[in-house]
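Work through the following exercises with the sequence and the 3D view open beside you. Each task is followed by a solution in steps.

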Amino acid sequence: MTNVTDLDTEARRILKLNDRGGYTIPTAGLYPYQWNWDSAFAALGFAQFDVDRAWSELETLFSGQWENGMVPHIIFHQEDEGYFPGPDVWQGVGPVASSGISQPPVAATMVRKVYDRDPEQGRARVAALYDKMLAWHGWFMDWRLDRGAACITHPWEAGRDNAPDWDNAMAALDPGDVGPYTRRDITHVDSSMRPTKYDYDRYLFLVQRGARLNWDEAAMLKDTPFRVADPTMTFTLLRAHRDLAALGAVLGHDTSQIEAWIAELEDGAKTLWNPDTQCFDSRDTRTGTWSNAISNASFLCWYAGLDVPEMRDRLAEVLEAVQYGVPSLDARDLRFDGMRYWRGPVWGIMNMMIGTGLTEMGHLEGEALRQSTADLLSEHGFAEYFDPRTGEPAGGKSFTWTAAIWLGWASPNAEAA
Ligand code: DGY
């Protein structure tokens, strides 16, 4: 095991390595642009040693915000041939070239953490971002709710691209002929760690539909072929609303609108309770079917401020089946694939959110998860994700968000913000 000081140094080196000036790419080659939630986590890492840089990360993210409030999941600041699908395929309609969908809204939560590192410097920076965050949260409430739970309109919107949560909804899609295309991801990373061609045909079909409809939300909602109510979206949005309300209170704003949103989502989260698995689950809004997946997103309930006793039992069972939790899919599930992206591997950012939530609720599992994540990263480095059975690193290397959560949470030197 490498010593903690060396790990801190290495994590800072990775953030600087991936810094493109005002924004940070997740890793060179595989992801050469600014990704939405990656960037928010990067800010948490920067905040440990350069608070000003943390703010600029978040400010650059909101420079891509659309007129309707949406903050895109990828912002294409500088064209790069090494990524597909790029800006020509997406045809985003915002102020900067971008994708046309969003991603789990963790920014307000990270803004609050950065603010807490230095409230004096942070006040003006938060004040400038506040209305933008409010507009983005409002966009989710207007366009992404089903029975009070937050939905995704594309697997990439959840950030958990090939999770089994969408298997049924994906199977119901007929992508027809999406035309010829060349994937670039599998030139950077072994294809056994990535989504399949079956997945990519469907991902592209949905992108082409959005671009054809000019990313008009009302038009896209009509006869939507894909809409899944998702614990990632619901729990991160609920948490983000709470943090935004706290920031609003600091700034002296009326937060009653946000409080109403919180109540609506708290109610909506109940519609994600799968009575068969006794666990939070994804629900296909078009058919009402459950995915029956016990995923790491299921365990974001505490991060959202929801304490449900059964979930601690589920967590204990899931952790029992692997060496390093929390796996993106329960290892006892037949669909589990330990090295394939969101179908089994363990992810540092998810652990950080789950562990933080548990600790805030006073559950000792939170500190145990922080410790086991610290062991995983000390022993296996700052990869994108890891096999939960062995810790084997997978996906991209020198990964921004893994380094960031080391600095901001897992490292013994991390100062709780
Ligand atoms: C990818 O290209 O794999 C990304 O996850 C899409 O957001």
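A polar contact is a pair of N or O atoms within 3.5 Å; within protein, one must be able to donate a hydrogen and the other to accept it, and residues adjacent in sequence count only if both atoms are side-chain atoms. The model is predicted, so that local features need pLDDT of at least 70 and side-chain atom pairs count only at pLDDT 80 or more, while totals for chains, interfaces and linings use all residues. Residues are numbered from 1 along each chain as its sequence is written, and side-chain values use heavy atoms, with hydrogens and water left out.

**Exercise 1.** Find which side chains place an N or O atom 2.6 Å from an oxygen atom of the ligand.

Solution. Begin with the residues around the ligand (a heavy atom within 4 Å), among them Trp35, His73, Tyr83 and Asp161. For histidine 73, the corresponding distance is 2.9 Å.

**Exercise 2.** Determine how many disulfides the whole structure holds.

Solution. A disulfide is a pair of cysteine sulfur atoms within 2.5 Å, and a search of the whole structure finds zero. Cysteine 279 takes part in none, its nearest cysteine sulfur, in cysteine 301, being 8.0 Å away.

**Exercise 3.** Decide whether cysteine 301 is buried or exposed.

Solution. Buried means under 20% relative accessible area, exposed over 50%, and partly exposed in between (1.4 Å probe, protein chains only). Cysteine 301, at 0%, is therefore buried.
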